[in-house]
Amino acid sequence: MNRTFLCLTGAAALFAVPLISAHAGEAREPYGIGLEGFAYPYPVNMLPLVNDGEQVRMAYMDVAATQPNGRIVVLLHGRNFPSSYWAPVIKTLNDAGYRVLVPDQIGFGKSSKPSADLHFDTLARNTIALLDHLQVVRADIVAHSMGGMIAVRIARAYPDRIQHLLLAAPIGLEDYRLYVPPTPTEKIIEHEDKLTAEGYRKQLETNYSLKLPPDQVTPFIDARFNIKGSSEYPRWLRAFVNSAQMIYREPVVHEIPLITQPTLFIMGADDHNAPGRPNAPEALRPKMGQNAELAKALAAKMTSATAEVIPDAGHLVFLEKPQVFNELMLGFLAK
């Protein structure tokens, strides 16, 4: 990808750009379940791995700074987003001298979609394998949403590999099992398969309290629903649902107070995302997703942590309030 594209700014550079576009109502070739046909903002590499006896490939971007400061940041994406949505944060970090590593976790984005269940321990181990492959001894982590749960596992299991931990609107700040009864995988698959593109847009707007214009949300819709025409769509769907079960079955909130690395929570004041809330008893639903308050309470229990809450921001806090987010991120990483 040429440098002209990399220098683009504004909304067009925030997300991936579909390689194959179409006017309304015009048929278009579906993406592959590895998001073939959906462009990322920087070149994508593949790391071969073996997870639970299955050969897989982990996609990642490795973006060097023009004037490197010797520091490395790993960006960890959320469940509903390809790692391409980190594009503006990558540029901010590059401009500040950081080399940036941006993996798609196994089961997501351009990485392999395994047939087996997903586990946070495995995803954490894969991320460390990427650092080992690139001969990176220590790095900082900036993680969003589900990526925050992976980051917690990495920080706890590999504390000597992580310098700073920034959790941007993370989920997993509560144990969802305390509110939501277990749901069979096949039932979730059936529900997700019936979801329409417009229904998904409304789901994102509602669950994430989005403050973004519709055209900036469209790439998320494309990245998910243009896969439905793929011959391997059932494989993608099962992997996607397995990730929901992982979030439910493998809470990390009980580990967060044990983190010793300097940690910064950056929360959107209006972010009340709580996976599984529609399946919880109605009386319990209002108690879920008080994320800003949960972050502040957890930070108070930790060795070296603070929580910043950005007003008028939802779940996609680093895209909705980029200037405030960037100032907080760079100030924290520089400490």
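Trainee: What share of contacts in the protein chain between residues at least 6 apart in sequence joins residues at least 24 apart?

Mentor: The share is 78%. Contact here means heavy atoms within 4.5 Å. This is a predicted model, where local features need pLDDT of at least 70, side-chain atom pairs count only at pLDDT 80 or more, and totals for chains, interfaces and linings use all residues. Residues are numbered from 1 along each chain as its sequence is written, and side-chain values use heavy atoms, leaving out hydrogens and water.

Trainee: Why does the radius of gyration of the protein chain agree with a compact globule?

Mentor: The radius is taken over C-alpha atoms, and the globule rule is 2.2 Å times the number of residues to the power 0.38. For 335 residues that rule gives a value near 20 Å; the protein chain has 19 Å, so the two agree.

Trainee: What makes Phe81 and Tyr85 an aromatic pair, and why is it called stacked?

Mentor: Rings of Phe, Tyr and Trp (its six-membered ring) pair if their centres lie within 6.5 Å; planes under 30 degrees apart count as stacked, over 60 as edge-to-face and the rest as tilted. The structure holds 13 aromatic pairs.

Trainee: Are Phe81 and Tyr85 buried or exposed?

Mentor: Both are buried. Buried means under 20% relative accessible area, exposed over 50%, partly exposed in between (1.4 Å probe, protein chains only). Of the 335 residues, 56% count as buried.

Trainee: Which residues form one aromatic cluster?

Mentor: Phe81, Tyr85, Trp86, Tyr208, Phe220, Phe318 and Phe325.
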